[in-house]
Amino acid sequence: MAKSKHAAWIGAAWAVMTGGCGTLVGLGDGYYLQEGAGGGRQEAAGGGIPEGTGGRMQEGTGGGTGPGEDCMGEACSTPPSCVGLDETCGPTGKESCCASMPVAGGGFYRDNSELYPASVSGFALDRFEVTVGRFRKFVEAYPESKPKPGAGRHPLFDRSGWDAGWDGSWLPVNAAELKEAVKCDQALQTWTDVPDAQENLPMNCLSWYLAFAFCAWDGGRLPTELEWNYAAAGGDQQRKYPWSADPDAPIDGSYAVYDCTDYESPAGECGYEGILPVGARPKGDGRWGQADLVGSMWEWSLDWYAAYPGSCVDCANLAPASGRVVRGGSFVNDASYLLTYERTNDDPADIENDTGVRCARDR
């Protein structure tokens, strides 16, 4: 189902996180702004792009588009979802489906608008959307794979981890119920109870809660909307589409999986053939090597949907609202939904055939 790109804007309360100590001041839950080095919040002088906070990573050789040779620390260990999993992802079908690429921190304009300067600390973002094969590992371990309280927490936001109260309300009781929960569309769901040739397809029919639970179990977390936007836009290159800094960048079916471009079908009425293996369109890879940042599946982010603050450093909207942010467009959407600055939202409990997830990781 295509998301509406003209969703209502929702106001947010404000809060500021004090760097290093996690103390919150201001108006409680809302947009959390990470303090910069030296203890002061870093605003953009004269509307310019603010400098990033500490802890940045250097870009990989050649713009970070390799298989993850720059990874380091905990993010390099094999996530649970890839233990014993064949390497079947990417354009050659020989890459690890759990490859995670470093994203160098820096400044940029959210949604390519000078009204919204921001900066982001370095993080890692999975090269691929979560596949059916990876999600199968989560199902096989379920319900022991349910996240522990606080799991999946963003390192800058104290109250961003898993809430134990979500277990009974938003997660299935057992593996059998979980398998049924991800069968949202007989014609277009990618999950199958028995493994087959579609293990490297993007997993769809995921609610925000299932997406969060998977990433937390897998040693990662949901990216903030800011992190997702930064990676898709290529940071300060302000890309219209992830694959090019050219404002007149081309778009067609060789760059992204969208609008039923791979076979004869009316736009917006894709069949199952319109869902391709993750990484099948390498021409569309982003600056730091992530595939399918637009098209394929809408991707959940951590944030509730709200109007942007004018300027921010590592901000995220944690103020409850009517919807969580989804980004990137999907295989059923036309090109207008694939712009890196296109944003919309969905009910976090919704399970739809065009929505999946990509995990972020801490560096």
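Which residue in S13 does Trp298 stand opposite? I found Thr355 there. I am working with a predicted model, where local features need pLDDT of at least 70, side-chain atom pairs count only at pLDDT 80 or more, and totals for chains, interfaces and linings use all residues. Residues are numbered from 1 along each chain as its sequence is written, and side-chain values use heavy atoms, with hydrogens and water left out.

**Strand S8.** I looked at its pairing next (strands are DSSP E runs of at least two residues, helices H or I runs of at least four, both numbered from the N terminus; two strands pair if DSSP finds at least two bridges between them). S8 runs parallel to S13 (residues 355-356), with two bridges. With S11 (residues 324-327) S8 has three bridges and runs antiparallel; Trp304 has Arg324 as its bridge partner there. Seven of the seven residues of S8 (298-304) are buried, so the strand is largely enclosed by the rest of the structure. Buried means under 20% relative accessible area, exposed over 50%, and partly exposed in between (1.4 Å probe, protein chains only).

**Leu206.** I placed Leu206 in the loop between H3 (175-181) and H4 (208-217). Leu206 is buried, at 0% relative accessibility. Beyond its neighbours within four places in sequence, its contacts (heavy atoms within 4.5 Å) include Trp300, Thr355 and Gly356.

**Disulfides.** I found six of them (cysteine sulfur atoms within 2.5 Å) in the structure. One joins Cys184 to Cys205, S to S 2.0 Å. Cys184 is partly exposed at 31%, while Cys205 is buried at 0%.
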